[in-house]
Amino acid sequence: MFYKLTISFLGVLLCSILAAIAQPISVKNATLLVSPSVLSPMRETAPQMLIEEVAKRTNLTLKTSTTWPKANTLTIAFVLSSDRELLGKTIPAKNDKNGAEYQAEGFRIVSEITPKESTLWIIGADARGVLFGTGWVLRKLQWLAGTAQFETKIDIATAPTYPIRGHQLGYRHTANSYDAWSVAQYDQYFRELAIFGTNAVEGIPFHEDDKPNPHFKIPASEMRLKMSELCQRYDMDYWVWTPVTFELTDHDKRAAELRLHEEFYRKCPRLDHIFVPGGDPGDNHPREVLPFLKDMHQILVKYHPKAKIWISLQGFSVEQTDYFYQYLAENNPDWLQGVVSGPSSPPMPETRFRLPKKYQHRQYPDITHNVRCEFPVRGWDQAYALTLGREAINPRPYAFAEIHQTYAPFTDGFVSYSDGCHDDINKAVWSMRGWNPQLEVREILTDYTNFFFGKNISEAAADGIAALENNWKGSLVQNGGVETTFSFWKNLETSHPALKNNWRWQMLLLRAYYDTYTRRRLIYEQSLEKQANVILNNITKNDISKTMEAALATVDKADAVNIAPDIRQKIEQLCADLYASIGLQTSVDKHKAKGYERGCVLDFVDYPLNNRWWLADEFKKINSITSDDEKLARLKIISKWENPGQGSFYDDVSSVAKGTRVRTFSDDATDVAWWENGFSRARLSSQLFQKCPELVYDNLQPGARYNIRVVGSGEALLRVDGHRLQPIVYNRDTETVKEWIVPLSLTQDGKLHVTFDEPEESHLNWRKQSKISDVWLLKQ
């Protein structure tokens with residue numbers, strides 16, 4: 001009988017334990033307890049962060065205590081892995097000193113749930129480990145109405161792979177939102193970045209101080225010190241990006257600059273790294289830059305003994321780069337911490353190979369721009385390039401995860417280039433993949449949407465973000481998924497009205513509406529141009545003027561009849577909402593943005609997606625021609641521009657829709673010439689370009705005579721099947737024609753391979769370098 005009772009008792013006890021373990025772990029009525037070994041400011045920061053973020057989402061008020069609570073409620077305990085106990089209770093840290101909770105910034109989260117007491121341990125290797133462990137809890141808590149909980153018991157330990165994980169948050173007018181933020185908004189953003197694994201913030205000091213800004217809440221000189229204080233609060237490294245834009249041979253300016261640095265260093269409560277780009281901007285030779293950095297370091301360590309100096313080789317010539325490495329070999333400077341690789345730097349694998357092991361290597365990735373940048377959107381439709389432009393809201397989680405995976409192994413981490421919060425999702429992806437390069441993008445997105453939007457919508461919103469990234473793939477006309485994505489987001493918007501004032505939600509909605517509006521306009525306006533070309537193609541000498549008027553009236557219907565007025569109105573409203581919520585400046589006139597290139601999508605929302613501006617200007621030129629035959633000839637070229645006739649071919653080399661024979665993708669393939677501040681009246685195809693496109697033709701008629709015609713500017717060094725051809729027409733001005741005759745011997749197999757050699761133009765600004773925009777293969 002005793003045996004049976006014992007078995008029965010053990011069974012009941014086991015069932016009770018299993019039931020307790022299986023039950024959700026709710027933080028409702030939780031008490032927070034902090035080990036004395038967790039020093040300030042993290043002793044205050046971590047629990048405050050948890051208390052405030054829970055309260056925002058649930059209206060629950062978590063309590064703090066200095067003793068273990070008597071009631072059977074959850075205790076959230078913040079401790080270090082070096083602690084053995086907390087107020088008499090053993091801490092469940094593992095003995096393996098190689099475990100994640102013993103590695104820098106690492107942590108372990110353990111739940112101990114029994115029928116009598118429940119504890120959620122946040123065990124940090126150090127202060128940052130406590131911070132990032134708290135961030136993990138906030139990312140993974142399931143936010144529901146009136147509560148927040150975990151579904152099951154927890155035992156996870158993790159530490160970061162890369163020690164540098166940061167983002168530049170420059171308080172300056174060129175940023176499209178940061179300059180409108182208060183200290184409180186920066187505080188919140190620092191916190192949210194930390195929750196997603198960020199351990200560094202980079203500011204921008206001196207050269208922005210005296211520039212007027214209509215958005216500043218406080219002067220830049222004050223904000224950069226406030227950012228230092230916030231880094232201290234969240235135990236983040238405070239980096240400062242500070243270029244040298246004057247000639248260092250000017251001894252007075254050099255001395256004045258060092259005085260500015262010293263004043264800043266003295267005032268900063270925390271300062272960890274000074275990053276000086278060798279170029280971009282700046283034109284000084286490293287023989288001048290390196291001694292200057294050495295002098296900076298001598299001043300820096302007076303106030304911040306552990307602070308470091310960094311340099312980038314951006315814009316350095318081969319000779320300058322070699323000089324830098326020779327300097328390292330001869331001087332072995334201890335004052336230099338490492339090299340930063342950014343746009344226009346030498347290749348990252350080469351840098352890591354040449355850089356002595358004692359020096360660190362940091363990436364400076366551009367995660368904020370879409371065109372004219374380090375990582376342009378590949379195969380971006382021209383309609384997006386001409387409207388959304390360089391700094392649109394740009395969630396690219398899967399693309400940037402791949403980019404990070406490509407370059408991260410050559411580095412010790414990154415501090416990204418960001419010019420506004422429009423790249424917020426990209427920041428989360430970079431920070432989390434910097435922590436764990438194997439982390440699935442889907443998990444990052446669901447953590448993001450769970451934390452910022454709630455559990456009930458996290459899966460759907462993550463799908464919606466991925467769908468927005470897919471909106472940017474391939475031909476916009478052919479991408480029917482854009483409409484599906486729009487319907488998806490509209491349904492989410494309708495079913496979750498409580499998120500209306502959430503700025504991250506507003507940004508994603510704006511992209512869904514904008515993409516759809518652009519697609520509908522593109523289809524409509526391109527159809528009008530096709531109708532106009534039919535009209536022009538039927539022109540005769542007797543009705544030249546009337547025909548041009550009719551053609552122009554046809555394309556101009558795009559201005560008279562808005563294809564989607566409700567969507568257009570919604571875009572206007574969302575832009576206004578974002579300006580009110582976070583100061584996002586989507587217009588120069590309405591929001592006082594620094595320039596049209598700085599994310600001013602509202603100013604370009606109705607930019608022509610057919611060639612009506614160009615046609616109007618061309619017709620004026622044609623009207624000034626006296627010969628009717630010449631007028632007709634020019635009008636025939638215009639009407640057949642994209643449809644040169646049976647057996648002939650046309651490619652807009654930068655269009656995924658109209659460049660089907662183009663095989664190249666380059667940085668310039670998605671680039672925009674950016675004439676007239678983006679409001680160019682030039683033909684749309686000529687505003688996007690490549691330098692050296694490659695085209696492949698097949699199914700040609702053997703023995704037929706073909707000519708190749710090119711429109712662009714500058715040089716076009718043509719090869720056909722590897723043979724350099726001599727032109728019969730060769731104009732170098734913008735939008736002018738070059739033409740070659742293809743030898744009959746090259747078309748006998750029915751195929752042609754067209755390439756262009758790159759001209760030597762390194763001495764020219766990119767805006768003045770050669771461009772190729774349109775290529776024809778014309779059957780004679």
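## A first look at the surface, cores and salt bridges

V729 has a relative accessibility of 31%, so this residue counts as partly exposed; the label covers values between buried (under 20% relative accessible area) and exposed (over 50%), found with a 1.4 Å probe and protein chains only. The structure is a predicted model, in which local features need pLDDT of at least 70 and side-chain atom pairs count only at pLDDT 80 or more, while totals for chains, interfaces and linings use all residues. Residues are numbered from 1 along each chain as its sequence is written, and side-chain values use heavy atoms, with hydrogens and water left out.

V729 belongs to strand β27 (residues 727–730); strands are DSSP runs of E with at least two residues and helices are runs of H or I with at least four, numbered from the N terminus. Together with I728 and I741, V729 forms a nonpolar patch on the surface, and the three share about 220 Å² of accessible area. Such areas come from the Shrake-Rupley method with a 1.4 Å probe, and only the protein chains shown count as cover. Patch members have over 30% relative accessible area and no salt bridge; nonpolar side chains (Val, Leu, Ile, Met, Phe, Trp, Tyr) are joined within 5 Å, like charges within 9 Å.

Now let us step inside. In soluble globular proteins, nonpolar side chains tend to be buried together. The largest nonpolar core here has 156 residues, and I76, Y186, F190, F324 and I571 touch the most other members. Helix α16 (residues 503–537) gives the most to this core, contributing 11 residues. Another core lies apart from it, with 23 residues that include F649, A716, W740 and F756. A core is a set of buried Ala, Val, Leu, Ile, Met, Phe, Trp, Tyr and Cys residues joined through side-chain atoms within 4.5 Å.

Two buried residues are worth a visit. S431 sits in helix α12 (residues 424–435) and is buried, with a relative accessible area of 0%. Its side chain makes a polar contact of 2.8 Å with the side chain of H167; this term means N or O atoms within 3.5 Å, where within protein one must be able to donate a hydrogen and the other to accept it, and residues adjacent in sequence count only if both atoms are side-chain atoms.

P397, in helix α11 (residues 397–407), is also buried, at 0% relative accessibility. Leaving out residues up to four places away in sequence, P397 touches I425, N426, V429, V441, L445, I465 and E469, where contact means heavy atoms within 4.5 Å.

How many salt bridges does a search of the whole structure find? There are 58, each with a side-chain nitrogen of Lys or Arg within 4 Å of a carboxyl oxygen of Asp or Glu. In the bridge between K358 and D334, the closest N and O atoms are 2.6 Å apart. K358 is in the loop between α9 (348–354) and β18 (360–363) and D334 in the loop between α8 (318–331) and β17 (336–341), so the pair ties together parts 24 residues apart in sequence. For R354 and E350 the closest N and O atoms are 3.9 Å apart, and both residues lie in helix α9, 4 residues apart, about one turn of the helix. E391 and R598 form another bridge, at 2.9 Å between the closest N and O atoms.

| Residue | Relative accessible area | Class |
|---|---|---|
| K358 | 41% | partly exposed |
| D334 | 65% | exposed |
| R354 | 32% | partly exposed |
| E350 | 33% | partly exposed |
| E391 | 2% | buried |
| R598 | 17% | buried |

Salt bridges that share partners also join E105, R128, R165, D235, D237, R270 and D272 into one network.
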